[in-house]
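Hi,

Here is the structure I promised to pass on. Have a look at it first, and then read my notes below.

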Amino acid sequence: MDPEFVKKYFDQPRVVADYLEAAENVGLWESEKIVFGKYISRASRILELGCGAGRIALGMWEMGYSDITATDFSPLMVGAAAALAERRGAKISVLEADARSLPFVDSSFDSVVFGFNGFMQIPSRAGRRKAAAEVRRVLRGGGIFIFTAHDRDNPGHRSYWDSERKQWASGSQNPLLDEFGDIVYGGEHGRVFIHSPDEREILEDIGGAGLSLAFRARRSDIADEPESVLKFSDDCFFYAFYKNEQKVR
């Protein structure tokens, strides 16, 4: 999957408008408030990856977090997030950056957040592993990485993945896909890419980067979300990983 395919989708004015509406009207999920409040102190220096139009960054600012750097690889999303923060009087640094190659020195942040399943919209397992290594690099010792992802082992999706597995075995899978678990579907504004992992894959990729699992829970088990959130996004898993002190060899 060409990363430009993914970027092209998010750099559309119509998509940016949808994300801006969510930033202004949906705000933080109840589950996000609980997880952030539990694992991220108010004094933390926070990096958000894939910030979109600023929904999470602005929500965290309103929770009392004051040192937030928000990034996205879409110039239009960055512009929308910066403008929204300015309108709300939120002192949030917003800049364009690719999660696979971050423009920050080592050990710059106490916490890294990659919300709304954005980590899984990085094409290829190698690309996601590269991003995980970058997250570890910019985290301080003991710092935490929080992200969400879908669950390929969800019983409700078993028939879909059984069908996909047969297609991969016969070589008849969608030629746009790089690996089992990839999905390209027709969204309202064009084709969207996302990868749906299982728990083992996440533990291998994030753990392999030198981060240790601290927390995993389904969103619906963390909090009851309002209707606005349920319409905005489906259920997912929250993950929290700590940076190990020792270096990865």
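**Where two helices meet**

Let's start with a contact you can find on screen: Glu32, Lys33, Phe36 and Gly37 in H3 touch Arg55, Ile56, Met60 and Met63 in H4. Sorted by class, that H3 and H4 contact comes to 4 nonpolar, 1 polar and 3 charged residues. Before you go further, keep in mind that this is a predicted model.

How do the two helices lie against each other? H3 covers residues 30-39 and H4 covers residues 55-63, and they pack at an angle of about 60°, with 11 Å between their axes. H3 and H4 are therefore oblique to each other. Their crossing is right-handed.

**Another pair to compare**

Now turn to H2 (residues 13-25) and H5, which pack at an angle of about 30° with their axes 10 Å apart. Roughly parallel counts as anything under 35 degrees, so that is the label for H2 and H5. H2 also passes H5 in a right-handed crossing.

Which residues make this contact? From H2 you have Pro13, Val15, Val16, Tyr19, Leu20, Ala23 and Glu24, and they meet Leu76, Met77, Ala80, Leu84, Arg87 and Arg88 from H5. By class, the contact of H2 with H5 has 10 nonpolar residues, 3 charged ones and no polar ones.

**The nonpolar cores**

The largest nonpolar core holds 48 residues, and the ones with the most contacts inside it are Phe36, Ile40, Met60, Ile92, Ile146 and Phe215. You've already met two of these names: Phe36 and Met60 are also part of the contact between H3 and H4. Which helix gives the most to this core? That would be H5 (residues 75-88), with 6 residues.

Beyond its neighbours within four places in sequence, Phe215 is in contact with Val35, Tyr39, Ile222, Phe238, Tyr239 and Ala240. There is also a second, separate core of 29 residues, and Leu102, Ile122, Ile202 and Ala209 are among its members.

**One last residue**

Finally, find Thr71, which sits in strand S2 (residues 68-72). Is Thr71 buried or exposed? Its relative accessibility is 1%, so Thr71 counts as buried, the cut-off for buried being under 20%. Setting aside the neighbours within four places in sequence, Thr71 is in contact with Leu47, Glu48, Leu49, Gly50, Cys51, Leu95, Ala97 and Phe104.

Cheers

Key:
Residues numbered from 1 in each chain as written. Predicted model: local features only at pLDDT ≥ 70, side-chain atom pairs only at ≥ 80, totals over all residues. Heavy atoms only, no water. Core = buried A, V, L, I, M, F, W, Y, C linked by side-chain atoms within 4.5 Å. Buried < 20%, exposed > 50% of the residue type's maximum accessible area, 1.4 Å probe, protein only. Helix = DSSP H or I, 4+ residues; strand = E, 2+ residues; numbered from the N terminus. Contact = heavy atoms within 4.5 Å. Axes fitted to C-alpha atoms, helices over the stretch in contact; angles between N-to-C directions. Parallel < 35°, antiparallel > 145°, perpendicular 65-115°, else oblique. Left-handed = near helix turned anticlockwise from the far one by under 90°. Nonpolar A, V, L, I, M, F, W, Y, C, P; charged D, E, K, R; others polar.
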